[in-house]
Amino acid sequence: MEYLENRKAERLEMVRRQITARGVRNRKVLSAMRTLPRHYFVPEAYSECAYDDCPLPIGFGQTISQPFMVAYMLEALSLSGAEKVLEVGTGSGYQTALLGMLASEVTSIERITPLAVRAARILSSLGFENAKIIVGDGFEGLSEIAPFDAIIVSAAPTFIPPALAEQLREDGGCMIMPMGAFGAQSLVRITRSGDDLMIERLMDVAFVPMIQGLSDLE
Ligand code: SAH
């Protein structure tokens, strides 16, 4: 496939300098990030910077996450490849595509319609058939297709959304998300065992806030 070679050298460099150098070791995550063309997901105006070590604006006050943060969160989920995954905060769709490569199926919820539409178009042009994007409020999750083996949240709530905890698989379902007010967020991993949630704090982070309700942007 043509896209596999397109700007490949920049991806190899991105993974080497930004990701393996900072300790991410999961082979499947590294391989997916060497393969997937991140520049397809970045707005045209920032294409030159698509492999830079930073988040980038994607419009509507939102950002595509820094490559390292995406790698770290994916590694923290320890996916085997068989999982049904829920993503909250599609944004550019870059992480959605990686999840499509690393899990069996992914459904992603985005509250800003134009971002969801754009991401869905890119995923379909790349041939992803196991990644679905839905316009909705991530605070509600998607009870119709729950439970999920894994949930990954890309915007920060200040508390664990109860619906997401309920929709995690009871025996060992795992959720990664940033949590806290701006300037004081931590990335946490939540593992469900029956009605118990084990919460591990992984690192300090800075994400856009998770906002309740749909956006009225068209
Ligand atoms: N992983 C994405 C991150 C995008 S930024 C990427 O790398 O492109 C976070 C996204 O979460 C934004 O697009 C924002 O609109 C979305 N978001 C915020 N609150 C949300 C909510 N309650 N439900 C769904 N999406 C939400």
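Let's start with Arg-16 and Glu-13, whose side chains meet in a salt bridge, 3.2 Å from N to O. The term salt bridge here means a side-chain nitrogen of Lys or Arg within 4 Å of a carboxyl oxygen of Asp or Glu. This is a predicted model, where local features need pLDDT of at least 70 and side-chain atom pairs count only at pLDDT 80 or more, while totals for chains, interfaces and linings use all residues. Residues are numbered from 1 along each chain as its sequence is written, and side-chain values use heavy atoms, with hydrogens and water left out.

Both Arg-16 and Glu-13 sit in helix H2 (residues 8-19), three residues apart, or about one turn of the helix. Helices (H or I, at least four residues) and strands (E, at least two) are DSSP runs, numbered from the N terminus. Glu-13 is partly exposed, at 33% relative accessible area; that label covers everything between buried (under 20%) and exposed (over 50%), using a 1.4 Å probe and protein chains only. Arg-17 joins in too: Glu-13, Arg-16 and Arg-17 are linked in a network of salt bridges.

## Arg-192 and its partners

Over at Arg-192, there's a salt bridge to Glu-170, with the closest N and O atoms 4.0 Å apart. Arg-192 belongs to strand E8 (residues 185-193) and Glu-170 to the loop between helix H7 (162-166) and strand E7 (171-179), so the pair ties together parts 22 residues apart in sequence.

Arg-192 also forms a salt bridge with Asp-195, again with closest N and O atoms 4.0 Å apart. Arg-192 is buried, at 10% relative accessibility, whereas Asp-195 is exposed, at 76%.

In total, the structure holds ten salt bridges.
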